[in-house]
Amino acid sequence: MEMDVQSYLIGHLGIVAGTFDALNIADVIDQVLPKRGSRNLPHSVIIKAMILNGLGYTGQRLYLFPNFFKTIPTEKLLGKGICPTDLNDDVVGRTLDAIYKYGATELFNEISLHIMKQFSFGPQLLHVDTTNFGVYGKYENDAPDSADSIKITFGHAKDGRMDLKRFVLGMVTNQFGLPLFTEAYSGNKSDKKSLMEMIQKTQQAIDLDDDNFWVADSALYTEENIKLMGTETKWITHMPATVAEAQELLNSNLNMIPGSDPRYAFYATEINYGGVPQRAVVVWSKEMNERNEKTFERRIEKETIEAGKDLKKLMRKKFACIPDADNDLRLWQSSHPHHMLKNVQVVPVMEKAEKKRGRPKKDELLTASYMIQGEVKLNEEALIEARKNLGRFVLASNQVDLDPEVMLNYYKGQQAVERGFRFLKDKSFHVSEVYLKKEERIEALCMIMVLSLLIYSFAEWKLRQELKKTGQTVPNQLNKPTQRPTMRWVFEIFMGVIASVVMDGETVIKTVIHLSDPQTTILELLGSECKKYYVME
């Protein structure tokens, strides 16, 4: 019998599969979601397959098709005897149903707790936030089995698509971007409530260190939430400008102290809101000031046009007396604080008492009315005063001795969870593509989406840790050495890696994979679980 050589594209999928294995995620899933029937694949295998599909750079949605697995070493990645035809819609649907029945959030909590016990991330900054996803379709929420599931409905459209119904995804990550908690919510769920709920549920699910800080955007800062967190839960958040205390600080002449980074300046004070003593820090940011300046200029241009239109309307109006005209002038001025009038005057206008054509006769009775004349100009003093407050925002924390620069650095870490949301919506991965009609399955799919992010983030964290520990580097996009590569770039480095399999009938004689030096270095640092998929053991 002749030898047969088959080639499969493995690319970066061995890293994805190896990270899944290294975290022992399958053990957790198999324990809480045991498979039913001898012929059914374990749910852990289906979930692993969905993650491979979601992180596969395929341009396909996460809700996989068997076609995706026809060109990759399915048996090598998922287990002996597993072939692409085993991975069909019905199999995936059963797994999503099993996840929903057990509880998507509860399953993720089990996995997260399992990982936290295996690895030490040190004192953590816990970033909590939400995003939402618009979906196509009616989603009437009238199915009898959807009573307890999330509701696909209209809500606050963060993507601007007010025409689409949506669902909300909440997430808690640490400073490395690793998701620790996730929950799906109905499309009209308020951030003010969901952020607090996630904090409380994460505290119940995971044994957290007392040194941890919770960091969130301004939606968390409500009197009710402040009281719930009290003084024991450490938090940092952005104070909404609508809060009276924040308004007063933003509009005051403050002695801003330059920071060690010249791009920032600070003013710290103490306030009491919701019955909780707090440190409020007014931050001036050079970059924010430049952005605000451009926005402010565009705003003034629009206001100038509107002020001119309003003045033209005012100049066409006739008044019975001068006080009436003066009153409307004051109303115009109050409506346009950044503008003022020049050459303004109230002039009398004489008209015939009876509306007849032609010139008034010599002895005909005339009536007097008054009209306004003037021109619009910028109120330079008001503009100077308004520009003083550009680039400012207020941070608050219940840790009254927290250094202002430390507070800002902690808050800037909020980008960790925002990066996670951008990852989930990135069209290169397609993990957020939703083509499901049952709300229950969408809720389960949300957990798979965040689990994909966890795999990605953990691999990135581990590689960076090992590079720093060993002093090694890998080339970045500009072919310069770095110890902080993104996992997205690492996936690019592995793009095109082929596994050649020499077969003798049904027997595998050998597998050959050619790797470059950077690829070998990365696999050595990621460990044996990843190396085995590239025949390095």
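In what order do the nine strands of the open sheet run? The order is 4-3-2-5-6-12-9-8-7, and the pairing is mixed.

Before the details, a word on confidence. This is a predicted model. Mean pLDDT for the protein chain is 87. Of its residues, 89% reach 70 or more. One stretch to flag is residues 142-146, where pLDDT stays under 50. The model has six contacts beyond four places in sequence for that stretch. Where pLDDT is low, predicted coordinates should not be read in detail.

Back to the sheet, with its order 4-3-2-5-6-12-9-8-7. Its edges are strand 4, residues 179-186, and strand 7, residues 257-258. Each of these pairs on one side only.

Now the helices. Helix 7, residues 191-205, packs on the sheet. It touches strand 2 (125-135), strand 3 (165-173), strand 4 and strand 5 (213-216). Its direction makes about 130° with that of strand 2. Helix 14, residues 415-425, lies across strand 2 and strand 3. Helix 14 runs at about 30° to strand 2.

Strand 6, residues 235-238, meets strand 12, residues 392-397, in the antiparallel sense. Three bridges join them. Ile-236 stands opposite Ser-397 of strand 12.

Last, a single residue. Glu-183 sits in strand 4. Is Glu-183 buried or exposed? Its relative accessibility is 15%, so Glu-183 counts as buried. Its side chain makes a polar contact with the side chain of Lys-201, at 3.0 Å. Another polar contact, at 3.4 Å, goes to the side chain of Tyr-185. Beyond four places in sequence, Glu-183 is in contact with Thr-105, Val-168, Leu-169, Gly-170 and Lys-201.

Definitions and conventions: Residues numbered from 1 in each chain as written. Predicted model: local features only at pLDDT ≥ 70, side-chain atom pairs only at ≥ 80, totals over all residues. Heavy atoms only, no water. pLDDT = per-residue confidence, 0-100. Contact = heavy atoms within 4.5 Å. Pairing = 2+ DSSP bridges. Helix = DSSP H or I, 4+ residues; strand = E, 2+ residues; numbered from the N terminus. Axes fitted to C-alpha atoms, helices over the stretch in contact; angles between N-to-C directions. Buried < 20%, exposed > 50% of the residue type's maximum accessible area, 1.4 Å probe, protein only. Polar contact = N/O pair within 3.5 Å; in protein donor to acceptor, adjacent residues only side chain to side chain.
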